[in-house]
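This briefing goes through one chain by topic. Please look over the sequence and the coordinates before reading on.

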Amino acid sequence: MTKEKIAKKKESKEKGITFQCKFCEKFKALEEMILLTRFSPPLVACRACEKRMS
Ligand SMILES: [Zn+2]
């Protein structure tokens, strides 16, 4: 009898790519992020922060 070792892949809790908002410092999904081109260089902000600023 042979024992097969099953390699367990570690899955991170966070699925997909997340970005950190420069303003509230929270990690959000890519679709929650908005590039603010009115800044130079452009800043990445989440929707909540973008709303707050507009
Ligand atoms: Zn934010």
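Where is the place of Glu25? In this predicted model, Glu25 sits in the loop between β1 (18–20) and β2 (27–29).

**Overall fold**
- The chain contains 4 strands and 1 helix, in the order β-β-β-β-α along the sequence.
- Of its 54 residues, 7% count as buried.
- Taking contacts between residues at least 6 apart in sequence, 18% join residues at least 24 apart.

**The β3/β4 hairpin**
- Strand β3 (residues 33–36) and strand β4 (residues 43–46) run antiparallel and are joined by 4 bridges.
- The two strands, β3 and β4, form a hairpin, with 6 residues between them.
- Across this pairing, Leu35 stands opposite Val44 in β4.

**The cis peptide bond**
- Ser40 and Pro41 are joined by a cis peptide bond, with omega about 0 degrees.
- Pro41 lies in the loop between β3 and β4.

**The positive phi**
- Glu25 is a residue other than glycine with a positive phi, near 60 degrees.
- Most residues other than glycine have a negative phi, and most peptide bonds are trans.
- Is Glu25 buried or exposed? Glu25 has 8 other C-beta atoms within 10 Å, and a residue counts as exposed at 12 or fewer, so Glu25 is exposed.

Key: Residues are numbered from 1 along each chain as its sequence is written. This is a predicted model: local features need pLDDT of at least 70, side-chain atom pairs count only at pLDDT 80 or more; totals for chains, interfaces and linings use all residues. A residue is buried if 20 or more other C-beta atoms lie within 10 Å of its own, exposed if 12 or fewer, and partly exposed in between; C-beta atoms are placed from the backbone. Two residues are in contact if their C-beta atoms, placed from the backbone, lie within 7 Å. Two strands pair if DSSP finds at least two bridges between them.
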